[in-house]
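Visitor: Please take me through one part of this model in close detail. I would like to look at the place where the two chains meet, starting from one of the partners.

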Amino acid sequence: MYRYDHYDQALVDQRVAQFRDQISRRLSGEITEDEFKPLRLQNGVYMQLHAYMLRVAIPYGLLSSDQLRMLAQVSRTYDRGYGHFSTRQNIQYNWPRLQDVPDLLADLATVQMHAIQTSGNCIRNTTSDHLAGVARDELVDPRVYCEIIRQWSTLHPEFAFLPRKFKIAVTGAPTADRAAVRVHDIGVRAIPGPGPDDPHGFQILVGGGLGRTPRIAEICREFLPREHLLSYLEAILRVYNRYGRRDNKFKARIKILVGALGIEAFSQQVEAEWALIRDGAMQLTQAEFDRVAADFADPGYAALESSDLFVQSLALSKDRALGRFVASNVIPHKQPGYSIVMISLKAKGKPPGDATAEQMELVAELADRYGFGRIVVAHEQNLVLPDVESRHLPDLHARLSALDLAEPNIGKVTDIIACPGLDYCNLANARSIPIATRISDKIEDLDYLHDLGDISLNISGCINACGHHHVGNIGILGIDKQGEEFYQLMLGGSPGDDASIGKILGPALPSAEIVDAVANVLRTYIDNRESADERFLDYVRRAGFEPFKEQLYGSNDHV
Amino acid sequence: MVPTTMSETPELHPGARRIVRVGASGKPEIAIDHWQRLGDDDPFPSLDALPVLVTLARAERDRQALEQRTGAWGVWVPGNADPEQIAERLRDRVLVAIEVTKFTDGRHYSLARLLRDRYGFTGELRAFGDVLPDQLSYMQRCGYSSFELAPGKSLETGLRCLTAFSVSYQGNTTDPRPLYRRRA
């Protein structure tokens, strides 16, 4: 993984010193809260319902075991012994004290971590595929470009006060988008060059997003030669910085500008701007590409036979706990003899994405023992051990089980994405986490869970959509109805290559009914699907909403 | 009239103020400044040698009077101005001042950068308005060379903020090379 040199380290250290100075000036009253707010936000400090929250960047989700141990230590020293992994591959601490934050950040800087630009109206942490570098369907390792983008966007002097926040995602797998690039402000897709001998480049998508106005990104440029990546991003950001709306924060995201101008006019503006800078100093050099790429070279894999048949046999093991775990949480690795292991942070009855300090330390230890000391945070709020020798899977499963980290539900309906909701967030209208835990409790039968197959279920506690409910196969949105928590049910969303925004099934339901309604939807699918090969999303797309409405609301003219 | 470096804290002349300015050496300093910013209907200062800043509209209207004064004249523009529309008329001025109406409105950063990098403005580029110490470093890297801080803001803090970082990933107006072309 990327290792800081003295420049990177100096910048992060100086950032800590700068923020320490800013906090002391805030505490002395030299700067007002209004002046301080963007400063603290761009250092990851949010004001939540009960206290400050700190969001620490995990660039493109990649961690070393030492970094994960530091995240655990920080949670013990400055917080309450746990952290929350977010949908943008970051980690959040819910209870730090403002005056402790500089020391906390200084501790993080010792392991090359920071909280720079994890919130505020600036370019946020660049996210990517959690299987980057190890997936079989990958064309290019996206992390190299993510790191190059991270450096370009870090403390960029021109783009620190954009109309609104700005999120970039990169995928290196042209046929398997696991980074949800089509619901980002900019989506970068590595694609093959036009000719067989041409180097890869990028398709650039723009204007996707969720929130109040969900929108699928459109193509801004079909093919961008890779050496021009940064100048093209700069051109998009400059057009947005100059022309994005600033009169209404709900209309300030780039998707509104793209929608207002139309993608043709928008991309013409970008192309005109880019034409003036593309051949300048921002062109990526081969030397820089090679320097960064060297840090993402494969670890020293042993030369092994394929383990595919071995893993398939484990999935059928008489030890059903192991079998289910392997069937749902283990993914084929590009390297023969190795597996990718997903660690679910969605254990029954636990808030999605939370991990205790003990759990983080165990995962760090297991990464050292079985996986070259690397861990990845997935945007689905799970952890990944990307490089496990397949023969260790039974041992690994046993060790994970001991700390409630072996829930066999990756990609299943209980692998729920949820925002913090009304329990923590002062924007929320309704609670999210209790709904998630009640749904997990409801689906007790693991055979039934696995029979349901791959279904994503996403919950947001308000229309800001931090739980990405629009792109869940099943989406749940908390709303406030005369002071009571109600929930809207949506079906048909997807964040991948076939990205779509879910549609509302019918009238919102009270908290007491929403969990049964989800069970009803699942039963309707099971009873009516063509075969077990027809995924939930495919069934919804084929059959439409009528079967669900009939079962749930009793008639199909209810809405 | 060129602002002079301040050695102590003398009494200021009426109409003068202290600003933060990046000297020719690239080192930021506190300087005394006499530029008078005028609205379109404000009279010229009675002291003919005082330099003035006017809007582009007034520069056009009162061009002759401006040229006849002994004091220098420059132009002030709003932070959301289009450089494409105005750059030609700013090019020969010794000083252009950009108004920051609200520090969270980042359009002026693009304006400053384009005036410098694309349209070759080489005079003094000043920020005034809602100019806070914590943004000076970003402003300087976008091409600003002097800063009239918002009322009540500490110039010493401003100086300190300008030297908070020894490294930046991006290029700037004086050296457009990103760090990856400078790394050693």
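This is a predicted model: local features need pLDDT of at least 70, side-chain atom pairs count only at pLDDT 80 or more; totals for chains, interfaces and linings use all residues.

Guide: Chain B is built with six helices and nine strands. Its C-alpha atoms fill a box of roughly 55 × 40 × 30 Å along the principal axes. A compact globule of 184 residues would have a radius of gyration near 16 Å, and chain B has 16 Å, so the two agree. Now take the contacts in chain B between residues at least 6 apart in sequence: 42% of them join residues at least 24 apart.

Next, the meeting place. Here 40 residues of chain B are in contact with 50 residues of chain A. The area buried between the two chains is about 3,800 Å². Carbon and sulfur atoms give 52% of that area. Three residues stand out: P157(A), F161(A) and R242(A) supply 20% of the area that chain A buries against chain B, more than any other three residues.

Charges also pair up across the boundary. Between chain A and chain B there are twelve salt bridges. One of them joins R118(B) to E273(A), with the closest N and O atoms 2.6 Å apart.

Which elements of chain A give two or more residues to the side that touches chain B? They are α1 (6-27), α2 (33-41), α5 (142-153), α6 (229-243), α8 (263-277) and α9 (286-294). The largest share, eleven residues, comes from α1(A). By type, the residues on this side of chain A divide into 20 nonpolar, 13 polar and 17 charged.

Methods
Residues are numbered from 1 along each chain as its sequence is written. Chains are lettered from A and ligands numbered from 1 in the order in which they are written. Side-chain values use heavy atoms; hydrogens and water are left out. Contact means heavy atoms within 4.5 Å. Buried area is the accessible area (1.4 Å probe) that two parts lose on being put together, summed over both. A salt bridge is a side-chain nitrogen of Lys or Arg within 4 Å of a carboxyl oxygen of Asp or Glu. Helices (H or I, at least four residues) and strands (E, at least two) are DSSP runs, numbered from the N terminus. Ala, Val, Leu, Ile, Met, Phe, Trp, Tyr, Cys and Pro count as nonpolar, Asp, Glu, Lys and Arg as charged, and the others, Gly among them, as polar. The radius of gyration is taken over C-alpha atoms; the globule rule is 2.2 Å times the number of residues to the power 0.38.
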